[in-house]
Amino acid sequence: MARQVGVMETENIEAIITRIEHKSRKIESLLKQLNPVEALKTALEGSPPKTRDERCKSANWIVVHRALMAIKDVDGMFSSLDPEYYDILMKYLYRGLSTGDRPTCDQCLRIHEKLTERAGLGCILRCLADTVNTV
């Protein structure tokens, strides 16, 4: 029984990785069309936050990071970004800050400032308190 569960988890992880790869191709296409906000929305949609597999988390972070770094007009981004994305975006901003990479941290801090103005402190608290859905 335990072996069967392990096989099912591996198949599920492979399916998640395949979806992330497909999402990555779509994001690259959107970025080539100079549409970074849609690329960010696509990156945030269907994020696999409930998985504990680091490969899935890392693969999805790479996709989200690519979209985040393409954002030039943060105010313009928020005029197009629906509030449903705010909490997951905040999680990824903290992941970006944890990298210690200067350009990534600078971009995450710019977005964090505007996101906090728009979504309030509740967004930060929900992000930090949620230990089940990790990115």
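These legends describe close-up views of a predicted model.

**View 1**
Trp61 and Tyr92 make a stacked pair, with 6.2 Å from centre to centre and 10° between the planes. Trp61 belongs to helix H3 (residues 54-70) and Tyr92 to helix H5 (residues 86-99), so this pair ties together parts that lie 31 residues apart in sequence. Both Trp61 and Tyr92 are buried. Phe78 is buried, with a relative accessible area of 4%. Tyr86 is also buried, with a relative accessible area of 8%.

**View 1. The largest nonpolar core.**
This core holds 38 residues. Met77, Phe78 and Leu89 touch the most other members. Seven helices each supply at least two residues: helix H1 (2-32), helix H2 (36-44), H3, helix H4 (74-80), H5, helix H6 (102-119) and helix H7 (121-129). In soluble globular proteins, nonpolar side chains tend to be buried together.

**View 2. Leu89 and its neighbours.**
Leu89 is found in helix H5. Its relative accessibility is 0%, so Leu89 counts as buried. Leaving out residues up to four places away in sequence, Leu89 touches Leu40, Leu44, Leu68, Met77, Phe78, Leu81, Ile111 and Leu115. Val37 is 52 residues from Leu89 along the chain, and the C-alpha atoms of the two are separated by 12 Å.

The whole structure contains nine salt bridges. One of them joins Glu28 and Arg66, with the closest N and O atoms 3.0 Å apart. Glu28 lies in helix H1 and Arg66 in helix H3, so the bridge ties together parts 38 residues apart in sequence. Glu28 is partly exposed, at 27% relative accessibility. Arg66 is likewise partly exposed, at 38% relative accessibility.

Lys114 pairs with Asp75 in a salt bridge, the closest N and O atoms being 3.6 Å apart. Lys114 sits in helix H6 and Asp75 in helix H4, so parts 39 residues apart in sequence are tied together. Lys114 is partly exposed, with a relative accessible area of 25%. Asp75 counts as partly exposed too, at 47% relative accessibility.

The side chains of Lys91 and Asp130 meet in a salt bridge, at 3.7 Å from N to O. Lys91 lies in helix H5 and Asp130 in the segment after H7, so the pair ties together parts 39 residues apart in sequence. Lys91 has a relative accessible area of 11% and is buried. Asp130 has a relative accessible area of 24% and is partly exposed.

**View 3. A network of salt bridges.**
Glu14, Asp53 and Arg55 are the residues shown. Salt bridges link them in a network.

H6 has 18 residues. From its first C-alpha to its last, H6 reaches 25 Å, close to the 26 Å expected at 1.5 Å a residue. The buried residues of H6 are Thr104, Cys105, Gln107, Cys108, Ile111, His112, Leu115 and Thr116. Down the axis of H6, these buried residues fall within an arc of 160°, so they line one face of the helix. An α-helix has 3.6 residues a turn, so residues three or four places apart point the same way. Arg102 and Glu117 are exposed on the other side of H6.

**View 4. What covers H6, and what follows it.**
The cover over the buried residues of H6 includes H3, H4, H5 and H7. Leu89 belongs to H5. Gly120 follows H6 and has a positive phi, near 85°.

Methods
Residues numbered from 1 in each chain as written. Predicted model: local features only at pLDDT ≥ 70, side-chain atom pairs only at ≥ 80, totals over all residues. Heavy atoms only, no water. Phe/Tyr/Trp six-rings, centres within 6.5 Å; stacked < 30°, edge-to-face > 60°. Helix = DSSP H or I, 4+ residues; strand = E, 2+ residues; numbered from the N terminus. Buried < 20%, exposed > 50% of the residue type's maximum accessible area, 1.4 Å probe, protein only. Core = buried A, V, L, I, M, F, W, Y, C linked by side-chain atoms within 4.5 Å. Contact = heavy atoms within 4.5 Å. Salt bridge = Lys/Arg side-chain N within 4 Å of Asp/Glu carboxyl O. Expected span 1.5 Å × (residues − 1). Arc of directions from axis to C-beta.
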